Amino acid sequence: LSRCRCIPAMQRELGTLPLAPALRARLAAAGFQTAQELLDTGPCGLSKEIGISREEALEALQVVRQECDGNAARPAGGPGATRKFTALELLEEEQTQGFIITFCSALDNILGGGVQLTKITEICGAPGVGKTQLCMQLAVDVQIPECFGGVAGEAVFIDTEGSFMVDRVVDIAAACVQHCHLIAEAQQEEDHQKALETFSLENILSHIYYFRCRDYTELLAQVYLLPEFLAEHSKVRLVVIDGIAFPFRHDFEDLSLRTRLLNGLAQQLIIIANDHKAAVVLTNQMTTRIGQSQSTLVPALGESWGHAATVRLILHWDNRLEPSKNCEILFVAMRSSLFPGSFLPSLYHKVISLSCSVKCVLYIMSPCSTLRLKSHAVIP
Amino acid sequence: MVVLRAGLCPGLTEDMIQLLRANGIRTVVDFVSSDLEDVAQKCSLSYKALVAVRRVLLAQFSAFPANGADLYEELKSSTAILPTGSPSLDQLLDSGLYTGEVTELMGAPGSGKTQVCLGIAASVSLGLKQHVLFLDSTGGFTASRLYQMLQAQTEDEEEQLEALQRIQVVRVFNIYELLSALQELRDRLSQQVVSSMGPLKLVVLDSVSAVIYPLLGGRQSEGLALMMQLSRELKTLAREFSLAVVPTGIQVELDIGNGDVLEPSLVTPTQGL
């Protein structure tokens, strides 16, 4: 019969604790295996046995003690506390959470209401298709007061390509304020009037925090400092990084370093999204994958990056439908947790064709199947 | 490589340890593999005492041999098969997920790994009324989607809510948090605390690559070491507590020589789990 030893937390192996690699190597050479042995030795004995200073030994022991004491010692609810919930609690939380609407009903429909908070949404597309415009729209929409159906938050806009145009944001903001005024007039409720007092052009612009990052080091530093910034500005509900691909695509010789940095970045962003209840929106470029007989346009930054985003939107020009004065934009949601119906991977594909003021065709695509038109609806 | 300490076993005193250390014997392995007559002479310790200590150490640190037939009986009585909720997947897995085993789901982005995980969690929680632990490292767990799946399987609202309560979600966004969470799980299970946790049968880990990827590559081999630690922890958890463990990941080609991660290919799975 296999021996099932009851192992308390103190028997935790040193390899699983966040110690510096050099220190860990010394400890292994000296024969230490579990946390208990380390704590038994004490700082003086430790510094003598492995040849480090007493301060370093104390520091190491503190790290070990903190990890092993676990969550009892950590303050509840703060960042770094365990994020443990039952699915029921999460469902209640999700149902009361708002969405950031995009003012394109077709896109809002496909996203299940709008851009979700606490998730990473990636927008990919060819140059000029409208990614930055959509980001600027979202930076305004996140500020819509709650009585009009918004989340009443602020926005952080991190720009790496320099494509942020303030005058365009002014246009968008003015139109949004106008829209809210019309709703207020139609519905004549008191809280609408009150909300409109603070929802003005100057207010909207002053609550978009703009950062310009010129290379990947600045971008990484900015994301690293973001939690501190968000702790001071707790109303931020949207973080946009316009152009996550740009700093990483040119001038990068070490591709494995790039993969490592991007994955580390993805984890930092998901922590930010989760802890601060914010939506993180990234824009990505497209690259050509040259296959054996044909070449396809795929999102840049490689396949490992594909897993970073929870929702991925791919926009491209569609020249197949009848030529018309309106431009056609195809929205492709490549991965989303919101598919109704069967969850079997090879089976879901729904084609929804809608048109709005900019004619767009939306379809949800799975990598290995053919497209089939299932339903057709026209929204004026 | 356990270091010899006073009190490790009766008869092993501090003086004895100092003498042994002076002659280069620091760990249990050193002691047990050395020639005791030689040691007795060099350290001027009693041979009988050393033999007695060695006997106790061997008994304490060696593994028991097990009879093959006993192992088989134990396996038959403790293994359960969990249906995944998808008949074709069940068929592929030879009727379902086996407890005591680690079943890994690999796939390209958007291929449906999280959806399958949610489906399995829903099926085990609703159908078998067992508890599920969902370790989420990508933020991709959407409770509304899980609720949709439950609604499709049963109309009874109370059953749906109960099923939701049986699924515990822990969000771990880096490798150390993940290892802490697994350690906590181990503590809870080994102490057999009768808590709201109930009988746990399934642990889903979505995804492993999200926490491992930032560490792989480069000149340090720390990433590989942590990956091995993680895989060993998952396997021993599955075996010792009769759980079905389902990690998900992406296929990656590792250049073991310099630890570089090559661009992921869809051809061969090489991740070491």
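Predicted model: local features only at pLDDT ≥ 70, side-chain atom pairs only at ≥ 80, totals over all residues.

**Exercise 1. Confidence in chain B**

What is the mean pLDDT of chain B, and what percentage of its residues reach 70 or more? Identify also the elements of chain B with the lowest and the highest mean pLDDT.

Solution. 
1. Chain B has a mean pLDDT of 83, and 88% of its residues reach 70 or more.
2. Among the elements of chain B, the lowest mean pLDDT, 57, belongs to strand β9 (residues 260-262). Strand β4 (residues 131-136) of chain B has the highest, 93.
3. Over residues 265-273 of chain B, pLDDT stays under 50. For this stretch the model has 22 contacts beyond four places in sequence.
4. For the model, the scores are ipTM 0.77 and pTM 0.78.

**Exercise 2. Two helices of chain B**

Determine how α10(B) and α12(B) are oriented to each other, and which residues make their contact.

Solution. 
1. Helix α10 (residues 175-191) of chain B and helix α12 (residues 222-241) of chain B have axes that come within 11 Å and cross at roughly 20°.
2. Angles under 35 degrees count as roughly parallel; α10(B) and α12(B) are therefore roughly parallel to each other.
3. Their crossing is left-handed.
4. From α10(B), the contact residues include Leu178(B), Leu182(B), Leu185(B) and Arg186(B). From α12(B), they include Leu226(B), Leu230(B), Glu233(B) and Leu237(B).
5. Sorted by class, the contact of α10(B) with α12(B) has 12 nonpolar, 2 polar and 4 charged residues.

**Exercise 3. An annotated region and a helix pair of chain A**

Describe the region of chain A annotated "domain: RecA family profile" in UniProt, then characterise the packing of α6(A) and α7(A).

Solution. 
1. According to the unreviewed UniProt entry, the annotation covers residues 96-286 of chain A.
2. Over residues 96-286, chain A is 51% helix and 18% strand, and the end C-alpha atoms lie 35 Å apart.
3. Helix α6 (residues 131-141) of chain A packs with helix α7 (residues 166-187) of chain A at an angle of about 45°, their axes being 10 Å apart.
4. α6(A) and α7(A) are therefore oblique to each other, and their crossing is right-handed.
5. In α6(A), Gln133(A), Met136(A), Gln137(A), Val140(A) and Asp141(A) take part; they meet Arg168(A), Val169(A), Ile172(A), Ala173(A) and Cys176(A) in α7(A).
6. By class, the contact of α6(A) with α7(A) comprises 6 nonpolar, 2 polar and 2 charged residues.

How values were computed. Residues numbered from 1 in each chain as written. Chains lettered and ligands numbered in written order. Heavy atoms only, no water. Axes fitted to C-alpha atoms, helices over the stretch in contact; angles between N-to-C directions. Helix = DSSP H or I, 4+ residues; strand = E, 2+ residues; numbered from the N terminus. Parallel < 35°, antiparallel > 145°, perpendicular 65-115°, else oblique. Left-handed = near helix turned anticlockwise from the far one by under 90°. Contact = heavy atoms within 4.5 Å. Nonpolar A, V, L, I, M, F, W, Y, C, P; charged D, E, K, R; others polar. pLDDT = per-residue confidence, 0-100. UniProt positions renumbered as here; feature names shortened; annotations may be inferred.
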